[in-house]
Amino acid sequence: MDALQLACDLVAVPSISATTNQDAADIVLSALQRDGFETERLAYDDPNRVRKVCIVGRKGNGNGGLAYFAHTDVVPAESWSISAHGPFVPTVRDGKLYGRGSCDMKGSLAAFVAAAARVPAHELISPIYVIATADEEIGFHGARHVVDQSELYRELVGGGARALVGEPTELQVVYAHKGGYGIRVTSRGRAAHSSTREGINANLAMIPFLQEMKQIHDESMTDPRWLHQEFEPPWISWNIGINDHTAAVNITPPQSVCTIAFRPMPGQDPELLIERARRAAERQDLEFQVTWRLPPLYTDPDSPFIHELLELTGTTRPHTVAFGTDGSIFSEIPRIAVCGPGSIRQAHTDDEWLSLEQLERGVDLYQQGIRRWCTRN
């Protein structure tokens, strides 16, 4: 199986998270089935009633083995900057594969599927698993669906499989990443011409709430409870957004919305900040909603699994990253790390690309991992 051709086939499918990913998922399904994988096709409808599909496959039998996790959805490409071709026209030029999702993370997925195809089933003494989710970019709904519905996932957890999340790390070993929490707070007013008595400005109740949120922001930059020196940056990135959605300056805003996103790290209790923000909202009679909760991922950097990965990659030190992955949802797997081809600096860009050198190195690395943990070799 050719990794570049499979990557091109996947990039050619515009599986933006707001739309269905069925066609991309079915390309993965077909590739796995051609290689003799037993498969599950797990379909569900997202909150907007858009059909999404996750694929789970297994080749080989027994306990242990290696599980690989990826996602088939991509971010939008409305600001694509390459005039010669569109974002969903995979194009190889100057040693790079261009296209939305080439780096994040269809190229990585193609690399692992190609690596698995290089290891015949009769050589396996432990299984290879491939899990391709949906909605990773907008809430990890697909990963949660796999945890709830996949029999093969329950099998790999029970069998003690090692796990790799193939997000772009330039094939460096990542043992930990930050989590992600979201808050939405809404103040209600009444629209009217600002020259009259009829309006209620929703921003007025929001202002004291924002003052408290700034206090949390400032504290989070210096309070040791919210700092973690293994990460860069070492703070939780308490990010405050505000919008009253009012089109004219002479209308009293009927609604004011504050959004907060922050990135807790291992050993921290984000619920303390959630409750502090909730109490601040209640004091102003504001609507309060936690929009998502994603715990951080952490594997002991001195564990045998991380040392084995360092040996495979030929590197000496594992790393942390500030972005999140599906790995947070798969917390039942104790031996899990992030390692994939490509750089996060190319992910989500308006000229997204993956170097062919990284793609091939990814195939080789994944094949080494399969042979180490799934065969007698």
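Accessible areas here come from the Shrake-Rupley method with a 1.4 Å probe, and for residues only the protein chains shown count as cover.

**View 1. The whole chain, a predicted model.** The chain exposes about 16300 Å², and carbon and sulfur atoms supply 48% of it. Local features in this predicted model need pLDDT of at least 70, side-chain atom pairs count only at pLDDT 80 or more, and totals for chains, interfaces and linings use all residues. Residues are numbered from 1 along each chain as its sequence is written, and side-chain values use heavy atoms, with hydrogens and water left out. The chain holds nine helices and 16 strands; helices (H or I, at least four residues) and strands (E, at least two) are DSSP runs numbered from the N terminus. The C-alpha trace spans about 80 × 45 × 40 Å along its principal axes. Of the 377 residues, 54% count as buried. Buried means under 20% relative accessible area, exposed over 50%, and partly exposed in between (1.4 Å probe, protein chains only).

**View 2. The largest nonpolar core.** This core has 75 residues. A nonpolar core is a set of buried Ala, Val, Leu, Ile, Met, Phe, Trp, Tyr and Cys residues joined through side-chain atoms within 4.5 Å. Those with the most contacts inside it are L109, I183, V185, F209, W238, L309 and I370. Helix α3 (residues 102–117) gives the largest share of this core, nine residues. Apart from it lies another core, of 29 residues, including V147 and L297.

**View 3. Helix α8, residues 304–313.** The helix is mostly covered, with seven of its ten residues buried. These are F305, I306, E308, L309, L310, L312 and T313. Their cover includes strands β7 (162–165), β8 (174–177) and β15 (336–338), along with helix α9 (356–374). What does L309 contact, leaving aside its neighbours within four places in sequence? Its partners are L164, V173, A337 and W373; contact means heavy atoms within 4.5 Å. Just after α8, G314 takes a positive phi of about 70 degrees.

**View 4. N250 in its loop.** The loop lies between β10 (239–243) and β11 (255–262). N250 counts as partly exposed, at 33% relative accessibility. Leaving aside neighbours within four places in sequence, N250 is in contact with A192, H193 and S194. N250 and D364 are 114 residues apart in sequence and 63 Å apart in space, C-alpha to C-alpha.
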